[in-house]
Amino acid sequence: DALPISDSLDELSLDEPVSENIPGEKVHLDDNGSLIWPVLFLYPEYGQTDFISAFHEDSRFIDHLAVMFGEELPPWDLERKYYPENLELYFEDEEKRHLYQVNTGSTLLHVLRHKRYFVKSGTPAFLVFVTQSSFCANYLSDKNVHRIM
C-alpha cells in the first residue's frame with residue numbers, strides 16, 4: 001500500500017520543474033569535468049525551502065548546512081533549533097514510498113549514486129529535519145526509513 005504524502009509536501013509540489021523558474025540554473029560541468037547541480041532543501045515543519053544554485057557534486061552536505069545555518073539562522077526558525085550539527089537529511093523514493101536518511105558528511109555525488117535516488121526535473125531535493133524533534137519523530141513514524149552511509 002502506498003503511503004500518503006504529507007500535506008506540507010503537497011504544498012511544496014515537487015512535481016513542478018524547480019529550476020525552470022530560475023534562469024540559467026541547471027546542472028552543468030565545471031572546468032574539471034565535475035557536475036555542478038541546483039539543489040533544493042525542503043523544511044516540511046515550516047513549509048519553507050532553500051534553493052542552492054551551485055552545489056558541486058564533490059561538496060559535502062554539512063559544508064552547505066554550515067553556511068546556511070552558521071552565524072545567522074533563518075527568520076522562520078523562531079525556536080532557534082536549526083543548527084548544522086542538529087539536522088537530518090532525507091530523500092524520498094517515491095516509487096517505493098520509502099525515505100532514506102543521508103549522512104550529512106556525505107557528498108552529493110555519493111547520494112546521487114544511490115540505487116534508489118532519482119533526480120526529478122533536473123534538481124535533486126532533500127528533506128531537512130531537526131534531530132530528535134517531535135515534528136521529525138511524528139513525520140517519520142509511519143514511514144519506511146532507511147539509513148545510508
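Is E94 buried, partly exposed or exposed? In this predicted model, whose residues are numbered from 1 along each chain as its sequence is written, local features need pLDDT of at least 70, side-chain atom pairs count only at pLDDT 80 or more, and totals for chains, interfaces and linings use all residues. Side-chain values use heavy atoms, with hydrogens and water left out.

E94 has a relative accessible area of 29% and is therefore partly exposed (between the limits for buried, under 20%, and exposed, over 50%, with a 1.4 Å probe and protein chains only). Its side chain meets that of K120 in a salt bridge of 3.4 Å, N to O (a side-chain nitrogen of Lys or Arg within 4 Å of a carboxyl oxygen of Asp or Glu). This pair links distant parts of the chain, with E94 in the loop between β4 and β5 and K120 in the loop between α3 and β6, 26 residues apart. K120 is likewise partly exposed, at 28%.

A salt bridge also joins R116 and D93, whose closest N and O atoms are 2.4 Å apart. Because R116 lies in the loop between α3 and β6 and D93 in strand β4, the pair ties together parts that are 23 residues apart in sequence (helices, H or I, of at least four residues and strands, E, of at least two are DSSP runs numbered from the N terminus). Both residues, R116 and D93, are buried.

D93 is also among the residues in contact with H98 (heavy atoms within 4.5 Å). H98, found in strand β5, is buried, with a relative accessible area of 17%.

Conventions: Lists of a residue's contacts leave out its neighbours within four places in sequence.
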